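Subject: Structure handover and packing notes

Hello,

My notes follow below it.

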Amino acid sequence: MKNFCVIDIGTNAVKIKIFSNGQYYTLKNKHIARVGNNVSKDDIIRHVQDFIKAAKKIYNVKQNNIYILATEGIRSAPNGKEIQEELEQKTKRKIHLLDPRREARLSVLGGLNSIQLKNNPKQVLFIESGGGSTEISLLDMTQKPFKIVASESLPIGSRNGKETLNQAAKINRFCEMLRKKGGKFDSSLQVVINSVAVSRIIAQKAKAETYRPDLIAEQQDEIDINHFKASCLKILGQKKYDEDFVKSYFLKENTVDDFVGHVNVLHYILDKLQQEKDLELKDNISISTTLGGLKEGAAAEIEKKLAQEGAEVLKIKESEGNEVPDTKPLTAKDKEYTQSLRKYYKALAAKEDSEYTEEKSDTSFHATLNRKDGEKLHIHATDANNIGLSAQNKKGEKKIPEYEDFKNLVIFAKQQGQTISFGNIKSEEFKARLLIACLENDVALTHLPQINPEEIDKETSLRLKKIKFHKKAEIEKLKTENPAEKKQNIDLISYKKQEKLRA
């Protein structure tokens, strides 16, 4: 699959998420200064250009696969339009200025994909507290992967949230939307907040000696709503933070103001929702935090889109032809479909004396077999129905996987009782090698793919010729069972005749 990157222009910082050779990379955020009421145009342009340069030079991302998103920082800034126009001119890329609802959906997708929800909740209240805005959404988790029942964006965040909030009208509108959509919060409701304030308060509650938000999110540490609000009030006491308390969160002095802004916003929202008695946000409900956000959600959407369009994606369906339902939003290491893949390829790596590595923090499955000769095989799966292969030679150059790699993949599919479909594979050689592996190992196919014999290697062509003598009956049966495909499929039996005509 193609390498790509997502650049997120926020209110406080520019961030990047890079997908390269089957793995994700996140570079250090770059801070955006303020110039009066404006965000610094110079900072944003310099940071975006630096990220683009790194993505291209270090991670082999092509110009057309650079996606730049902008949010409230650009939406509300007096010089926002000027920044957008100059940035598009200098980067030669479109700047996607997200509306609040689109921003909320991507933030939810990125946040939920980075954690494991407990006890299969029917509802999740998701709050994303950023630098310039805070999005609050109620999610229906009975519809996969989720449905946004109601969502509201408050134009206030860590940067402008230090003063007393006056957002009652928007919160009341959010509550009114909830009432119209179905009334009360479900008893299984879970609250997930993407904010440094939550993870830092949890760290303080646990008396953590080192502040590690990644561990807090991974271990699913949590805090009940009343304890969280009490901690917020302690920080905000007398309209200012308690210096000793803030220091216990291991904050650097230059981030204290942002932290106070988050605390003020979150305390206000939760307090207002608890006052809505007919919605019944329970006093003892637990709050957990997540590290995933806008750029992770956008990356997940782009990855899925590229996977569907890519030349190297294999579509695997269950034998009866039904699509497997979407799994709940877990990290790749916890998703059920990854367990069998992990077990299979770990055993294969041990057998061939390769090193098995896996990116476990991702939302999708990405494993690599690092071979003794320096070559690599990448196995990537976005869900139970989409599994792809890609390979690199010892110089790091892209290559078609070997016959044995295709054989191993189709044997895995056969063991799972699944059928191979060729999806939208564009490489004729890739398609032909996969077909050979399926026919040689008696793996069920949904149809015969269309292959141009002039665009495949001689060795591949010879191998197909040999198969035709042994698999004639199976091939004819497959054609009969798929009459709609017959005109599009290459007739493997007539290869010799075609070669004579070309001669």
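How many nonpolar, polar and charged residues are in the lining of the second largest cavity? The lining has 1 nonpolar, 1 polar and 6 charged residues. Bear in mind that this is a predicted model.

Cavities

Helix pairs

Next, the helix packing. Two packed helices are described by the angle between their axes and the distance between the axes. I have notes on the pairs below.

H1 and H3. Helix H1 spans residues 41–59 and helix H3 spans residues 80–91. Their axes lie 10 Å apart, at an angle of about 30°. Angles under 35 degrees count as roughly parallel, so H1 is roughly parallel to H3. The crossing is right-handed. On the H1 side, the contact is made by Lys41, Ile44, Ile45, Val48, Gln49 and Ile52. H3 contributes Glu82, Ile83, Glu86, Leu87, Lys90 and Thr91. By class, this contact has 6 nonpolar, 2 polar and 4 charged residues.

H6 and H8. Helix H6 covers residues 196–205, and helix H8 covers residues 225–236. The axes come within 11 Å and cross at roughly 95°. A value from 65 to 115 counts as roughly perpendicular, which means H6 is roughly perpendicular to H8. Ala197, Val198, Ile201 and Lys205 make the contact from H6. From H8 come His227, Phe228, Ser231, Cys232 and Ile235. The classes here are 6 nonpolar, 2 polar and 1 charged.

H13 and H14. Helix H13 runs over residues 403–415 and helix H14 over residues 428–440. Their axes come within 8 Å and cross at roughly 55°. H13 and H14 are therefore oblique to each other. Their crossing is right-handed. Tyr403, Phe406, Lys407 and Val410 make the contact from H13. The H14 side has Glu429, Phe430, Arg433, Leu434, Ile436, Ala437 and Cys438. The contact residues divide into 8 nonpolar, no polar and 3 charged.

In short

The lining of the second largest cavity has 6 charged residues. The contact of H13 with H14 has 8 nonpolar residues and no polar ones. H1 and H3 are roughly parallel, H6 and H8 roughly perpendicular, and H13 and H14 oblique.

Best regards

Terms used
Residues are numbered from 1 along each chain as its sequence is written. This is a predicted model: local features need pLDDT of at least 70, side-chain atom pairs count only at pLDDT 80 or more; totals for chains, interfaces and linings use all residues. Side-chain values use heavy atoms; hydrogens and water are left out. Axes are lines fitted to C-alpha atoms, for helices over the stretch in contact, and angles run from 0 to 180 degrees between N-to-C directions. Helices (H or I, at least four residues) and strands (E, at least two) are DSSP runs, numbered from the N terminus. Angles under 35 degrees count as roughly parallel, over 145 as roughly antiparallel, 65 to 115 as roughly perpendicular and the rest as oblique. A crossing is left-handed if the near helix is turned anticlockwise from the far one by less than a right angle, and right-handed if clockwise. Contact means heavy atoms within 4.5 Å. Ala, Val, Leu, Ile, Met, Phe, Trp, Tyr, Cys and Pro count as nonpolar, Asp, Glu, Lys and Arg as charged, and the others, Gly among them, as polar.
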